[in-house]
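Subject: Model handover and notes

Hello,

The model is below, followed by my notes on it.

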Amino acid sequence: MSRGGGYKASKPSRRAVLKAGAAAAAITAIGRPALVRAAEVIRIGHVAPQTGPMAGFAEAQDWVLSDIRKYLEKGLEIGGKTYQIQIITKDSQTDESRASEVANDLILKDKVDIITAASGSVDCNPVANAAELNDVPCVTADDPWESYYYGRGGTKEKGFEWTYHFFWGLDQVLSAFIGLWQAQETNKVVGTLFNTAQDDTSWHDAFVPAIKDAGFKVVDPGQFPAFGNDFTPQISAFKKGSVEIVTGNLFTPDYALFSAQCAQQGFKPKIVTLGKAFLFPADVASLGNRGLGVTSELWWSPDYPFKSSLTGISSKQLAADYEAATKRHWTQPIPFKHALFEVVIDVLKRTKDPKDPKSILAAITSTNLDTIVGHVQWPGPVKNVCTTPVVAGQWQKKGERLDIEIVNNGAFPNIRTTSKLLPLAAWS
C-alpha cells in the first residue's frame, strides 16, 4: 500500500477498472434494469477500533449509528432522487494492518461509495491510504491532524487528492496547556513524558520547542517504549531538575505506574497535564485519588456551544441522551462519531452524482458546515485538514460524580470555562 501523497496513473484507476468490470458482469448476467436498481443504494464504509486497546474510542459507536440510521431510514434525497443509505462498519481491532485489510474489503468487496474512519492514526491513516490508492472519497476524524497528515507523507507543498480530515492540532492543544500553566504559581520547569510511537513523536517534536518559546524550562529525559516501563530514570531527572509541571502523552496504565513510583520516590509535581491518559471517565476513576486534579486536552464537552446540523440537538442534550440511554458517562469521541456522519450526509446531499467518486470529492472540498464539534471547512492549515476546537480540562469531583471541567479555553474564547483549576490531589 502506498503511504505517500496522491496516487496518479496514466491508465484507468484500479477502482475504475473494478467498477467497469462489475458493471459489465451485471449487465451480462441480469440486464441493465438490475444495474440501475443497484445504483439506488449508496454505501458508506466505516472503520473503528471496536475491540482492542482503543475500544473505548468506539464504545458509543452503536448508539450513535442507531440515531444516524434512524435519520436515514426513509432514504436521502439527492438531486430529486431518493437513495437508500447503507452504513457498513468494520472493526480494526486496534491494529494498523487489520485496519488496512478491512478498508480494502470495504472498497473492493463491498464497493462503498465513500469511506470513513475515526480513533487515532492506527485507524485513520491506513484507511485513508487505502482510499487514496483506490481513488475513493474518504473523510476521517478523531486523530491529531499532524499525525494523520505528516504521518502519511504529506508536506506543506503536496497533500492528497481523495482523503480529508477534521480534528484539532498540537498548536491548539499547546495554547490551552501553556495558558493553563501560565495562570498558576510554579517555577516554570516542565518535565516531559513521551514514548516512541508515531503519535508521541509528533507531540514531542511540537511540545519541546513551543514550551521553551513560552518561557518555560524543559527537562526532557528522552522517549521510551510504551507499556510496562520503570519510570525511575524519568523521576530522577525530574527531581534533579526541580520539575513542578509534568506533561506528555501516556496510556492510562503507564500513568498509573508513573504516579505510584512518584509517590514511592517522593516526587510530587504541582500540575500534571497529559494527553491520552485521562480521556475516559472510567480510566480516571480507576486511578482513585491519583486521578483527581489531573489535567488534559478536552476535545468536546456538554458545555461546548455547538449543535448538530442533522437533528439540531445541542451538545448538552447529546450527552444527556447518551447517559440516559446507556447509564454510562459521556465520552469525548461521541460527538465526533456523530459529526463524521453529519459531514458525510451533508456531502452526499450536495453531490451532483453520488455514484461518481469525483462528484463526491467535489462536494467534500466545498464543505462549509457547522457541526456538533464546530465548523468544518477545507482547507485549513494544509489542504486536506481542517481543525476543530480543543481546550484544557481538569477532572474534579462534584459530590459523587467525577467529571471534567473546562479550566482554560486556549485559542477558543467562545468556549467558556466552567471551573477554576483546583490543586492536584495528594498521592499516597
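**Salt bridges**

R98 is partly exposed, with a relative accessible area of 25%; here buried means under 20% relative accessible area, exposed over 50%, and partly exposed in between (1.4 Å probe, protein chains only). This is a predicted model, in which local features need pLDDT of at least 70 and side-chain atom pairs count only at pLDDT 80 or more, while totals for chains, interfaces and linings use all residues. Residues are numbered from 1 along each chain as its sequence is written, and side-chain values use heavy atoms, with hydrogens and water left out.

The side chain of R98 forms a salt bridge with that of E101, at 3.8 Å from N to O. A salt bridge is a side-chain nitrogen of Lys or Arg within 4 Å of a carboxyl oxygen of Asp or Glu. Both R98 and E101 sit in helix α4, three residues apart, about one turn of the helix. Helices (H or I, at least four residues) and strands (E, at least two) are DSSP runs, numbered from the N terminus. An α-helix has 3.6 residues a turn, so residues three or four places apart point the same way. E101 is partly exposed, at 42% relative accessibility.

The whole structure holds 13 salt bridges. Another of them pairs E244 with K270, at 3.7 Å from N to O. That pair links distant parts of the chain, 26 residues apart: E244 is in the loop between α9 (232-240) and β9 (245-249), and K270 in the loop between α10 and β10 (271-275). K270 is partly exposed, with 45% relative accessibility.

K398 and E405 also form a salt bridge, their closest N and O atoms being 3.3 Å apart. K398 is partly exposed, with a relative accessible area of 45%, whereas E405 is buried at 11%.

**Largest pocket**

How much space lies in the largest pocket? The value is about 810 Å³. Pockets are found on a 1 Å grid over the protein atoms alone: a pocket is an open set of points with protein on both sides within 12 Å along at least five of seven lines, and lining residues have an atom within 4 Å of a point. Grid points are joined across faces, edges and corners, and a volume is the space filled by probe spheres set on the points.

The largest pocket is lined by 34 residues, and the closest to its centre are M54, F57, D199, F251 and K276. Helices α5 (121-133), α8 (198-213) and α10 (252-265) each supply at least two residues of this lining. By type, the lining divides into 16 nonpolar, ten polar and eight charged residues. Ala, Val, Leu, Ile, Met, Phe, Trp, Tyr, Cys and Pro count as nonpolar, Asp, Glu, Lys and Arg as charged, and the others, Gly among them, as polar.

D403 is in strand β16 (residues 401-408) and is buried, at 12% relative accessibility. Its side chain makes polar contacts with the side chains of H329 (3.1 Å) and R401 (2.7 Å). A polar contact is a pair of N or O atoms within 3.5 Å; within protein, one must be able to donate a hydrogen and the other to accept it, and residues adjacent in sequence count only if both atoms are side-chain atoms. Neighbours within four places in sequence aside, D403 is in contact (heavy atoms within 4.5 Å) with H329, W330, Q394, W395 and Q396.

D356 caps the N-terminal end of α14, with a side-chain oxygen 3.1 Å from the backbone nitrogen of K358. In α14 (residues 357-365), the buried residues are P357, S359, I360, L361, A363 and I364.

**Backbone and loops**

Q93 lies in the loop between β3 (81-91) and α4 (96-108) and is partly exposed at 41%. D142 lies in the loop between β5 (138-141) and α6 and is buried, at 3% relative accessibility.

The peptide bond from W378 to P379 is cis, with omega near -5 degrees. P379 is in the loop between β13 (374-376) and β14 (385-386).

G154, in the loop between α6 (145-149) and β6 (163-166), is buried at 9% relative accessible area. Apart from neighbours within four places in sequence, G154 is in contact with Y149 and F160.

Regards

Conventions:
1 Å grid on protein atoms, 1.4 Å probe; cavity = no way out; pocket = protein on both sides within 12 Å on 5 of 7 lines; lining within 4 Å.
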